[in-house]
Amino acid sequence: MKRFLLIAALCNVLATAPVLGLVQSGPQHDRPQEGGQAPASGGVNTGGTHAAVYDQEHRPITAGGFVKSGPVIFSDVTQKAGLSTWTHTMGTPQKSFIVEANGSGVALIDYDNDGWLDIYLVNGSTYDALSGKAPAPKAALFHNNHDGTFTNVADKAGVTNERWGFGAAVADYDNDGWPDIYVSNFGKNRLYHNNHDGTFIDVAEKAGVTLGNWSSGATWGDYDGDGKLDLFVPGYVHYDVATTPAPDKKDTSNAFCQFRGEDVMCGPRGLKGEPDHLFHNNGDGTFTDVSEKAGVADKGGYYGLASAFIDVNNDGKVDLLVADDSTPNYLYLNKGDGTFEDISYASGYALNESGRETASMGIAIGDFRNTGLVDLYNTTFSDDYNPFYRNDGNANFTDISYQLGLAEPTIPFLGWGNAAIDYDNDGWKDLLTANGHVYPIVDRMPWGTTYAQRPLLFHNLEGKKFEIVPAVEDSGLARVVAGHGLAAGDLFNDGKVDAVINVIDSHPLLLRNVSPDKHHWIELKLVGGPKSPRDAVGATVYLVSGGKKLRGDVVSGGSYASTLDPRIHFGLGEATAIESIEVHWPSGTVEKFTASKPDQILTLTEGKGTRP
């Protein structure tokens, strides 16, 4: 109780003081309400109402707050790179129904094994396409041309999907050395197997992983340690286009079709949740649904949006995180016998610091404090803060968002994809978030938020605090878009982490990292041995350099419905030497490697050493 009172007092102080030179307005009762107070009526916000926040030009802070000069971290190179030739489409601009509003993910994949990351962008669909009255929008696969440009080869590659798409999870599920793509849809999902010649074939039916209602951000991981990657697919809403209530229907669901007293799309609260599924890899191209047996079938019917296999307690076995919308999050601890223990509430991850469920959208995973433990950062709805869960060891987490300075600035924003990135290579992982609302009506309301929103970048101050990196006018951070999926990685092989944001109903946003820092770095591509997954998903690396011990993990999934660079990136700061590299392979083998110098991309192969 003492902790709750302390945070409530801090919120009141922050609500009455200027924040970063910004201006707040609004009635007293609209200021942050802690202690789990729920809003009077639906929508997906669970945090109550908050005061509007405007910049000095009286623009909502979600679309303003820019500075005229300062270090430019990201440059918008979307058009120059060729990505503006593709457009995302999802439903209608009015967003009257929830299936139109969540947007889609993005995956970084080196599909042709040429050493350069390519970009897979999931597309949505339209009602006319669903009914066969119009062609379906297509997903994009942008091949990296190694010269700063990309070419869409989705048609040739056979990965256009042409279903109502939401997520993409990349992994080499059959250990043939080539990455494959799982696409989660409203409708049947796809599993695109890589043919090794620049093309893919959908084998989802044969593999038994199509499902059929509304799936969201999947994750790959070897949960049983047999060297083969298994697949977890969270379910969102059990949705029916024909029967889902509209906002103007004054029926029993109407309370869940309003936000701040205004009619909006219905759900997810008030709608039936879709179950989650865990598919065991049989090693012969097929999978078996073991959700019930493993204890991860989502008996609560929660609204799953993102998931990730990651070892949270350092016992060498991947555990399972599920970010749930407007319902408690799941944390399943791997028991090592093919089953999981649901420790969601006991771990502290189910709820936020106030003991309240949040509308969780994305998961960023990283050792932000350089302690050897992974912390978790979830994005949430507007009128709520994004919680940062500190890993206290033994799978115990504490929400310390306000203490870190991460909470208050995020309240007006509606966050989706997110990632832990060391954008300036100083050896401390920072946070990048894509933002965008789901209700177009917010642009007509004095709520201090907008439908299109700018990304947020937080700089890590040695694990003790985070501060917002100012958005310089006309830079990438000043782009105001309805961002949803986000994937980060070194797209130009220059040692700096870039990002791609999938923007709903628009072109994607390619943010090239042009940070002026001159720090050192190293990137590691891991190749597993016979008893590990070939792409080493689930491996953990500990690197010692310049007096710091850094941790990195190979993860497929996380963010919002997206997949990040499979290579592990370490910023080294001023250090010019790497003392040690220790890899904990999924097989259980622990192996030490050496690196002669920083500022290079190395391949580490289990049992076989290193090569450039």
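Trainee: Which two cysteines form a disulfide here, and how far apart are their sulfur atoms?
Mentor: Cys-257 and Cys-266 are the pair, with 2.0 Å between their sulfur atoms. Keep in mind that this is a predicted model.

Trainee: Thanks! And how many disulfides does the count come to?
Mentor: The count comes to 1 disulfide.

Trainee: Is the link of Cys-257 and Cys-266 right-handed or left-handed?
Mentor: The link is right-handed, with 105° about the S-S bond.

Trainee: Is Cys-257 buried or exposed? And what about Cys-266?
Mentor: Cys-257 counts as buried because its relative accessibility is 0%. Cys-266 counts as buried too, at 2% relative accessibility. The cut-off for buried is under 20%.

Trainee: New topic: which residues form the positive surface patch?
Mentor: That patch is formed by Lys-525, Arg-534, Lys-608 and Arg-611.

Trainee: Where does Lys-525 lie?
Mentor: You'll find Lys-525 in strand 33, which covers residues 520-527. Lys-525 has 35% relative accessibility, so it counts as partly exposed.

Trainee: Okay, on to Ser-401. Which helix is it found in?
Mentor: Ser-401 belongs to helix 8, residues 401-404. Ser-401 is buried, because its relative accessible area is 0%.

Trainee: How far apart are Ser-401 and Phe-466 in sequence and in space?
Mentor: They are 65 residues apart in sequence, while C-alpha to C-alpha they are 9.5 Å apart in space.

Terms used: Residues are numbered from 1 along each chain as its sequence is written. This is a predicted model: local features need pLDDT of at least 70, side-chain atom pairs count only at pLDDT 80 or more; totals for chains, interfaces and linings use all residues. Side-chain values use heavy atoms; hydrogens and water are left out. Patches are made of residues with over 30% relative accessible area and no salt bridge: like charges are joined within 9 Å, nonpolar side chains (Val, Leu, Ile, Met, Phe, Trp, Tyr) within 5 Å. Accessible areas come from the Shrake-Rupley method with a 1.4 Å probe; for residues, only the protein chains shown count as cover. A salt bridge is a side-chain nitrogen of Lys or Arg within 4 Å of a carboxyl oxygen of Asp or Glu. Lys and Arg count as positive and Asp and Glu as negative; His and the chain ends are not counted. The place of a charge is taken as NZ of Lys, CZ of Arg, CG of Asp or CD of Glu. Helices (H or I, at least four residues) and strands (E, at least two) are DSSP runs, numbered from the N terminus. Buried means under 20% relative accessible area, exposed over 50%, partly exposed in between (1.4 Å probe, protein chains only). A disulfide is a pair of cysteine sulfur atoms within 2.5 Å.
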